[in-house]
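This briefing is meant for someone meeting the structure for the first time. Please look over the sequence and the model below before reading on.

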Amino acid sequence: MDGMIRSALFRLTPIAACLALTAAASAQGPPLVDEGAEGVVADHALDRDRYERLTVPVTIGGNGPYRFLVDTGAQATVVSHDIAEELALPRRGQAMLVAMGSAQRVDMVEVDELSFADRSITRLLSPLLHAGNIGADGILGLDSLQDLRVLIDFREERMRVADAASLGGNSGYEIIVRARRKLGQMVITDATVDDIRISVIIDTGAQGSTGNRALLRKLRTRAQGEISATDVHGVRVLSDLSYVRQLEIGGMTMGNVPIGFTDSPTFHALGLDRRPALILGIGNMRVFDRVAIDFARRQVLFDIPGKTDPSRARAMFTGRQPGS
């Protein structure tokens, strides 16, 4: 088998940091007892709890549960080498996997049955990646999400996957934006950056937001710094950091948005390398109370925070009401 699979950048988010912290604590054995020991244990418990809430429990052939990231920027569902070896998943050739900073051939395995959110998917062909590079046991990609809604609740720091009705429908969302599909991705075209029309990809697997060079040329802005991240192959990605005055999506405006700019093979794979485009990462979505990506209805829904919430005061919202 030979093909091309898109997987989004996975930056070292608090989830990955939690994994590293937990692994280090286990390797070092019981901590020495000192005056701050109770605080250290509490921090570890908090990190682990946050990790549990920002991943989805998955079983494979009745085994597990395993903790999978939900990545709306990844075409394929990924499993780690550790799981493949533990369950003796059959190998099924190789494919080219395109990540944020690199494209590499990876081994493929057949997953006979993968279950989550009260549903099962059979006969998946999944790329293998190292758990240390993805920060979890695996990644739920677009091939597993097409009829579902992904809900990110930043107030509770919780991510859920189910049908729209089970997640409360459209109640409470001030902004509803229609999207179109491109190679399975949800692409919003009703968007601008500093009055430049762009295509926006909502990517829950990326921590920060990334623009292509076509957008940078249109903005005519200078880099104000540099961002270093790591993609799912473990390859270091360097991006030029700049702040844009306004990011407008569906009539809603966010101000002073940090964006990293790089020549990513991701944009080329999606056919978005020649015109301005932006991958909106989960870090910039934290100004909202909730964000829902509904694949069945091709909608992205935003729940903006109340005006009395000082922690979100740095963002400005002037959105249309649902249905307007």
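Of the contacts in the chain with a separation of 6 or more, what percentage comes from residues 24 or more positions apart? The share is 68%, and it should be read with the reminder that the model shown here is predicted. The chain is built with 7 helices and 23 strands, and 51% of its 324 residues count as buried.

**Surface and salt bridges**

- The chain exposes about 14600 Å², of which carbon and sulfur atoms supply 49%.
- Glu110 counts as buried at 11% relative accessibility, whereas Arg123 counts as exposed at 59%.
- Arg92 joins Glu110 and Arg123 in a network of salt bridges.
- The side chains of Asp294 and Arg149 also meet in a salt bridge, at 3.0 Å from N to O; Asp294 lies in strand E22 (residues 290-294) and Arg149 in strand E9 (residues 149-153), so the pair ties together parts that are 145 residues apart in sequence.
- Both Asp294 and Arg149 are buried.

**Nonpolar cores**

- The largest nonpolar core has 59 residues, and among its members Ile60 and Ile249 touch the most others.
- Strand E20 (residues 252-261) provides the largest share of this core, with 5 residues.
- When neighbours within four places in sequence are left aside, the residues in contact with Ile249 include Val177, Ile188, Val200, Met254, Leu280 and Phe302.
- A second, separate core has 11 residues, including Leu69, Ala74, Ala136 and Val232.

**Two buried positions**

- Asp231 is found in the loop between strand E18 (225-230) and strand E19 (236-249), and its relative accessible area of 0% means that Asp231 is buried.
- The side chain of Asp231 makes a polar contact with the side chain of Ser102, at 2.6 Å.
- Ile259 lies in strand E20 and counts as buried at 0% relative accessibility.
- Apart from neighbours within four places in sequence, Ile259 is in contact with several residues, among them Ser209, Thr210, Gly211, Asp240, Leu241 and Leu278.
- The C-alpha atoms of Ile259 and Ala223 are separated by 9.9 Å, although the two residues are 36 residues apart along the chain.

**Strand faces and pairing**

- In a regular strand the side chains alternate between the two faces of the sheet.
- E11 runs antiparallel to strand E23 (residues 299-303) and is joined to it by 4 bridges, with Gln299 in E23 as the bridge partner of Arg178.
- In strand E13 (residues 185-188), Gln185 and Val187 point one way and Met186 and Ile188 the other way, yet all are buried.
- Strand E12 (residues 180-182) and E13 run antiparallel and are joined by 3 bridges, and Arg180 stands opposite Val187 in E13.
- The hairpin of E12 and E13 has 2 residues between the strands, and Leu183 takes a positive phi near 55° in this hairpin.
- E13 also pairs with strand E16 (residues 199-203) in the antiparallel sense over 2 bridges, and in E16 the bridge partner of Val187 is Ile201.

Terms used. Residues numbered from 1 in each chain as written. Predicted model: local features only at pLDDT ≥ 70, side-chain atom pairs only at ≥ 80, totals over all residues. Heavy atoms only, no water. Buried < 20%, exposed > 50% of the residue type's maximum accessible area, 1.4 Å probe, protein only. Contact = heavy atoms within 4.5 Å. Areas by Shrake-Rupley, 256 points an atom, 1.4 Å probe, with all protein chains shown as cover. Salt bridge = Lys/Arg side-chain N within 4 Å of Asp/Glu carboxyl O. Core = buried A, V, L, I, M, F, W, Y, C linked by side-chain atoms within 4.5 Å. Polar contact = N/O pair within 3.5 Å; in protein donor to acceptor, adjacent residues only side chain to side chain. Pairing = 2+ DSSP bridges.
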